[in-house]
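Dear colleague,

Please find below the sequence and structure that I am handing over to you. My notes on what was found follow directly after.

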Amino acid sequence: MTYIKRNIDQELSKWKVSLERKPILLRGARQVGKSSTVKELGKQFKYFLEVNFDEKPDVKVVFEKDLTPQRICEELSSIYGIPIISGETLLFLDETQGCLPAISSLRYFYEKMPELHVIAAGSLLEFALGELPSFGVGRVRSLFLYPFSFDEYLRAIGAGLLADALLKARPEAAWGEAVHKKCMEHLVRFISIGGMPEVVAAYANGRSLLDCQQILDDLILSLYDDFAKYKKRVPVSRLREVFKSVIEQTGSKFIYSKVENCENQKQVKESLELLELAGIIYPVVHSSSNGIPLGAEINPKLKKYLILDTGIFQRFLKLNIGDILISNTLEQVNKGAIAELFAGLEMIKSAPSNNPMELYYWHREKKGSEAEVDYVIQEKANIIPVEIKSGTKGSMQSLFRFLEEKNTPYGIRSSLENFGVFNKIKIIPLYAISSIIQK
């Protein structure tokens, strides 16, 4: 299948020619495109050697003797028949969660063979890293990969010029109605199929929406199959129940009692932690938002959770995609939760690949005057509230209350509306929500 370019490709190309280069640990959930991204980079080298510890588990013995890079390279070269030459070879260690010594070896490649290009990747790396006291802090560079962003999707389907225009868009200049409508059509279609690489590639290559739905069904089954690999502490059935509840509670504070058979809250908590480590869900933590950093005033007991992909979300809930596409709106979809999900995912994907973004929300509980803002972000020295709407209408009382209480210069409303400015509110269409994240 033809490779579809990702934003991280530019970061990897810069790393290739950098004079101060560290081995890369590429992190992310299963099937988000880590291996294919590295293989594409490998085309820029004279030699490319891939060591996949799942496909060839016997090769683990090479890393279990000692961690001398020169010896490791000599033995790998003999096994695979591919030269390992600094500056000419990209050494790719894949599925390294199955070989902890391979992860530990990265620091020694940096110290003793810094000229060699080395990338390690794996789908359950966070579990593996938890078992290592240190894997080379300061000697290894972590990069994070997620499903396709809306920007990447547009480029995949041949709408690169529109993606470029979005980079330059500003609230002060509304777009022409025809362009805005076209962006909305693309947005609804992208939210429907999601950003998992296999689905995007299928759609970009002319496969039908029904085909995409089948691929999503297969992906959900593979996620379930993976649950057995996570840990022995939590039954697979409990992981499935928590996974299901996260989807059903999207857009709301996660409540343990809503999980099926929730008698064992400790197992629910552990399941959430495991799903988070696997990159399948992302937390959105309550912050009092009185100052910077936002993480200084959090309440870890108050969290929302986002599943990693809108396509998996809609397919799991069996939403009627036909109705969504015909109405070209998100207002009737799970009470707008999918819009909030999309916005949060876009912000995560738009952050620098070496600096994963932490998401926060604000909730004010006061008798007779409750208020909640979907997201709060930091912009330089300011805290900016971000409210997400699934349509073109809706009250902004919570947004104005936040501005008043926190003395914030402005707020952001992201919806299906065109670009605009209303008093202290910047209106940014959902399809451009990633533009609010400073790179």
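The second largest pocket holds about 650 Å³ of space. Please bear in mind that the model is a predicted one. The lining of this pocket is made up of 28 residues, and those nearest its centre are Phe144, Glu276, Tyr282, Pro283 and Pro356. Two or more lining residues come from each of α6 (125-130), α13, β6 (281-287) and β8 (359-364). Of these elements, β6 provides the largest share of the lining, with four residues. Sorted by class, the lining has 19 nonpolar, four polar and five charged residues.

Over the whole structure, the search finds four cavities of 30 Å³ or more. The volume of the largest cavity is about 50 Å³. Its lining consists of Arg30, Gln31, Met196, Leu219, Ser222, Leu223, Asp226, Leu308 and Ile312. Helix α11 (residues 209-230) gives the largest share of that lining, namely four residues. By class, five of the residues lining the largest cavity are nonpolar, two are polar and two are charged.

In soluble globular proteins, nonpolar side chains tend to be buried together. The largest nonpolar core in this model has 107 residues, of which Ile119, Tyr230, Phe243, Ile280 and Tyr431 touch the most other members. A second, separate core has 27 residues, including Phe63, Leu91, Leu125 and Leu129. To return to Tyr230, its contacts beyond four places in sequence are Leu124, Phe127, Leu239, Leu274, Leu275, Ala278 and Ile280.

Two loop residues were looked at individually. Leaving aside residues up to four places away in sequence, Thr96 touches Phe53, Ala102, Ile103, Ala120, Ala121, Gly122 and Leu125.

Lys253 lies in the loop between α12 (236-248) and α13 (265-277). With a relative accessibility of 35%, Lys253 counts as partly exposed. Beyond four places in sequence, Lys253 touches Leu302, Lys303, Lys304 and Tyr361. From Lys253 to Leu145 the separation is 108 residues in sequence, and 26 Å in space from C-alpha to C-alpha.

Helix α4 (residues 69-80) was checked for its span. At 1.5 Å a residue, its twelve residues should span 16 Å, and the end C-alpha atoms are 16 Å apart, so the two values agree. Which residues of α4 are buried? They are Pro69, Arg71, Ile72, Cys73, Leu76 and Ser77. The elements covering these buried residues include β2 (47-52), α3 (61-64), β3 and α5. Gly81, which comes just after α4, takes a positive phi of about 70°.

Most residues other than glycine have a negative phi, and most peptide bonds are trans. In this model, the peptide bond joining Ile292 and Pro293 is cis, with omega about 0°. Pro293 is located in the loop between β6 and β7 (298-307).

Positive phi values are found at two asparagines. Asn407 has a phi of about 55° although it is not a glycine, and it sits in the loop between α17 (397-406) and β11 (411-415). Asn407 counts as exposed because its relative accessibility is 67%. For Asn423, which is likewise not a glycine, phi is positive and near 55°. Asn423 is placed in the loop between β12 (420-422) and β13 (425-429). With a relative accessible area of 61%, Asn423 is exposed.

With kind regards

How values were computed: Residues numbered from 1 in each chain as written. Predicted model: local features only at pLDDT ≥ 70, side-chain atom pairs only at ≥ 80, totals over all residues. Heavy atoms only, no water. Contact = heavy atoms within 4.5 Å. 1 Å grid on protein atoms, 1.4 Å probe; cavity = no way out; pocket = protein on both sides within 12 Å on 5 of 7 lines; lining within 4 Å. Points joined across faces, edges and corners; volume = space filled by probe spheres on them. Nonpolar A, V, L, I, M, F, W, Y, C, P; charged D, E, K, R; others polar. Core = buried A, V, L, I, M, F, W, Y, C linked by side-chain atoms within 4.5 Å. Buried < 20%, exposed > 50% of the residue type's maximum accessible area, 1.4 Å probe, protein only. Expected span 1.5 Å × (residues − 1).
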